[in-house]
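This report goes through the packing of helices, the pairing of charged side chains and some backbone details. Please keep the sequence and the structure in view while reading.

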Amino acid sequence: MSAPANPDEPAVTTDEPVEPPTMLTDPFDIPWPAAGVVRAVRRRADVSQRELARVARVHPSTVGRIEAGTLTPSIAMLRRIIGVAGFRLAVVDEFGRPPPRDPQRCGYRNGPPPG
């Protein structure tokens, strides 16, 4: 525990351990927030669930089920749904940084795998 910035203020102590950020080692450890993503994108685009579904070419109940958290969409479906509103999926680390472009830093010895 460090000393308080102002010596007149008491130090704050807690008995609860501080948890590190959650790191997903298995894609199924924690469900990803597709419901919140789709809802936020739809609201940002100012469209109804029915309008979003029509333009994304999915059944209207699909958007509702995703937003309710009862259906987890595939990556392809999520791309199509959020693409309607002009958004794209991006891969970032826990701090919001994109992956490095240098193949050596990505762990590939001979560059990225073909394909």
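A salt bridge is counted here when a side-chain nitrogen of Lys or Arg lies within 4 Å of a carboxyl oxygen of Asp or Glu. With that criterion, a search of the whole structure finds 3 salt bridges.

## Basis of the values

The structure is a predicted model, in which local features need pLDDT of at least 70 and side-chain atom pairs count only at pLDDT 80 or more, whereas totals for chains, interfaces and linings use all residues. Residues are numbered from 1 along each chain as its sequence is written, and side-chain values use heavy atoms, with hydrogens and water left out.

## Salt bridges

Side chains of opposite charge can pair when their charged atoms come close. R39 forms a salt bridge with E67, with 4.0 Å between the closest N and O atoms. Since R39 lies in helix 1 and E67 in helix 3, the pair ties together parts that are 28 residues apart in sequence. Helices here are DSSP runs (H or I, at least four residues), numbered from the N terminus.

E67 also meets R42 in a salt bridge, at 2.6 Å from N to O. This pair again joins helix 3, where E67 lies, to helix 1, where R42 lies, and so ties together parts that are 25 residues apart in sequence. For accessibility, buried means under 20% relative accessible area, exposed means over 50%, and partly exposed is in between, with a 1.4 Å probe and protein chains only. On this scale both E67 and R42 are buried, E67 having a relative accessibility of 6%, while R39 counts as partly exposed at 26%.

Another salt bridge is formed by the side chains of R97 and D93, at 2.8 Å from N to O. R97 counts as partly exposed at 48% relative accessibility, and D93 counts as partly exposed at 29%.

## Helix 1 against helix 3

The axes of helix 1 (residues 34-45) and helix 3 (residues 60-68) come within 7 Å and cross at roughly 120°. Such axes are lines fitted to C-alpha atoms, for helices over the stretch in contact, and the angles run from 0 to 180 degrees between N-to-C directions. Helix 1 and helix 3 are therefore oblique to each other, given that angles under 35 degrees count as roughly parallel, over 145 as roughly antiparallel, 65 to 115 as roughly perpendicular and the rest as oblique.

A34, A35, V38, R39 and R42 of helix 1 make the contact with V63, I66, E67 and A68 of helix 3, where contact means heavy atoms within 4.5 Å. By class, this contact of helix 1 with helix 3 has 6 nonpolar, no polar and 3 charged residues; Ala, Val, Leu, Ile, Met, Phe, Trp, Tyr, Cys and Pro count as nonpolar, Asp, Glu, Lys and Arg as charged, and the others, Gly among them, as polar.

## Helix 2 and its partners

Helix 2 and helix 3 pack at an angle of about 120°, with their axes 7 Å apart, and they are therefore oblique to each other. Helix 2 passes helix 3 in a right-handed crossing; a crossing is right-handed if the near helix is turned clockwise from the far one by less than a right angle, and left-handed if anticlockwise. Q49, R50, L52 and A53 of helix 2 make the contact with P60, V63, G64 and E67 of helix 3. Sorted by class, the contact of helix 2 with helix 3 has 4 nonpolar, 2 polar and 2 charged residues.

Helix 2 (residues 49-56) also packs with helix 4 (residues 75-84), at an angle of about 115° and with the axes 9 Å apart. Helix 2 and helix 4 are therefore roughly perpendicular to each other, and their crossing is right-handed. In this pair, L52, V55 and A56 of helix 2 meet R80, I81 and V84 of helix 4, a contact with 5 nonpolar, no polar and 1 charged residues.

## Positive phi angles in loops

D46, in the loop between helix 1 and helix 2, has a positive phi of about 55° although it is not a glycine. D46 is exposed, with a relative accessible area of 69%.

R57 is found in the loop between helix 2 and helix 3 and, although it is not a glycine, has a positive phi of about 60°. R57 is exposed, with a relative accessible area of 64%.

Technical notes. Helices (H or I, at least four residues) and strands (E, at least two) are DSSP runs, numbered from the N terminus.
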